[in-house]
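Reader: Please take me through one part slowly. I would like to follow its helical stretches.

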Amino acid sequence: MQKTWNNKAWFMVLPVLVLVAFSAVIPLMTVVNYSVQDTFGNNAFFWAGTDWFTDVLQSDRFWDALQRNLLFSGIILAIEIPLGILIALNMPKKGLGVPVCLVLMALPLLIPWNVVGTIWQVFGRVDIGLLGYTMAALGIQYNYVNNVFDAWVTLIVMDIWHWTSLVVLLCYAGLASIPDAYYQAAKIDGASRWAVFRYIQLPKMKRVLLIAFLLRFMDSFMIYTEPFVITGGGPGNATTFLSIDLVKTAIGQFDLGPAAALSLIYFLIILLLSWIFYTVMTNSDAQT
Amino acid sequence: MTTATQSAPMASGGVRLSWLVPTLYILFLLLPIYWLVNMSFKTNTEITGTFSLYPHDPTLRNYAVIFTDPSWYKGYINSIIYVVMNTVIAVSVALPAAYAFSRYRFLGDKHLFFWLLTNRMAPPAVFALPFFQLYSAFGLIDTHIAVALAHCLFNVPLAVWILEGFMSGVPKEIDETAYIDGYSFPKFFVKIYIPLIASGIGVAAFFCFMFSWVELLIARTLTTTDAKPIAAIMTRTVSASGMDWGVLAAAGVLTIIPGAIVIYFVRNYIAKGFALGRV
């Protein structure tokens, strides 16, 4: 759409600007402030320069948490994206099945995140949970509280349960936008099922898949509530992701300096990711 | 939507099995939820003592506990109050802004749009502590408005993006025709434009509602007792006699219900909303 140049449009953006500035810029400035100062209590602050940043960047704790974050995001993306495509391809195309599928699949997306945690915490317990009990009955050693591997598996299955529907819904929306004529042409040409997928469906889903990929990456990168409820970051530190680490430092130990420095580093990573997301979105906007 | 794609994509062998995939997936989704519902109708002795696939001795005691104890049911009221406040604030400030972004170019518009997006993507963990201090300074800790304003951090950008997506779909000629017909801008906006994008407003409101409803970290940090959300109250079901699993399950089931109700109305727009109005 051709847009007219009009700087008065700023007045319409002003309320948003004021509100978001209040809830984003001021807090962020506080964080910047803490990240370069040190305190011994009594509200007396000393200039600390970049000490906290070097501390954080040199600590194993930060790199370990970052690695765990990346590993987690990598695993869930590798499972959720193909699984989401597979389910979307097999969704009913019309009839009563469509609304039923859409509503049931969207259900996990609307459950408060700590309730998601609670559901899986209960579900996986060996004494009272269906999953844990079944595992025990089958003779499989499973305990997400003590065993690192089991804790990870529980978190990954939980995330798949929670968020695969997002990928399914986006892919489904992408598939629904393909005109019927494409399929008819493919049928006349005698295209195989794979060729239809590879040359018609996949290219049409490219855009929604990018969105799904980036959203899932960013949201899984900030995951906090679910692992906090299920494992509390344990066993040991095995599931302590960046945000859990951050909240532990900031509110648990009240180490403002390191927490603030960690926040800013974390935020810069997110900023970079958002920029990629934005570029992808606006580029594909321009194409269509 | 339904461009009758049944004609080709399923090769003859696949047709009969294709229903199996979504069915298995939905089964996988419903199983843990069923287990929670199942538990919520059991007594604690049945939960911990025996293993049963359905409540042998169904009881409403767990729900009764929640509906009779103010410290429980007030949590729901608190959650609903701040979620509704947040939704109203977010959508009403986002409406003019989204209009400006979809219709005009102005100094710094692209930077501003990007900056809004970064707030949607910002990890709440980064903001928890500064929020606490900011709202303490204003004496707003433990009030509903504090949580509502704090959730604007991610909901306002979300609403702007979704509404902008919907508004871009409305042809600009409509605006111009209205001006020629002698409508003033506010009259045009309220009388003509808002009805045109009503579905977009509904979707934006739904997403604000949803993300405010599911968020816990900030809501928990900013409240102590008077405005404590249900999600935070749930984390304290440990009593002297051990964990009260039944009540925990019942509280969980009750948090799922609002989402399950509203989801029906927006089922066809959910994907569009998650893609920030861009599918």
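Author: Helices (H or I, at least four residues) and strands (E, at least two) are DSSP runs, numbered from the N terminus. This is a predicted model: local features need pLDDT of at least 70, side-chain atom pairs count only at pLDDT 80 or more, and totals for chains, interfaces and linings use all residues. Residues count from 1 along each chain as its sequence is written, while chains are lettered from A and ligands numbered from 1 in the order in which they are written.

Take residues 96-115 of chain A. They are 65% helix and 0% strand, with end C-alpha atoms 30 Å apart. Residues 70-89 of chain A are 100% helix and 0% strand. Their end C-alpha atoms lie 28 Å apart.

Now look at helix H7 of chain A, residues 148-176. H7(A) has 29 residues and reaches 41 Å from first C-alpha to last. That is close to the expected 42 Å (1.5 Å times one less than the number of residues). H7(A) has a kink of about 40 degrees, centred on Trp163(A). The bend is the angle between axes fitted to the seven residues ending there and the seven starting there. In H7(A), 21 of the 29 residues are buried, so this helix is largely enclosed by the rest of the structure. Buried means 20 or more other C-beta atoms within 10 Å of a residue's own, with C-beta atoms placed from the backbone.

Definitions and conventions
A residue is buried if 20 or more other C-beta atoms lie within 10 Å of its own, exposed if 12 or fewer, and partly exposed in between; C-beta atoms are placed from the backbone.
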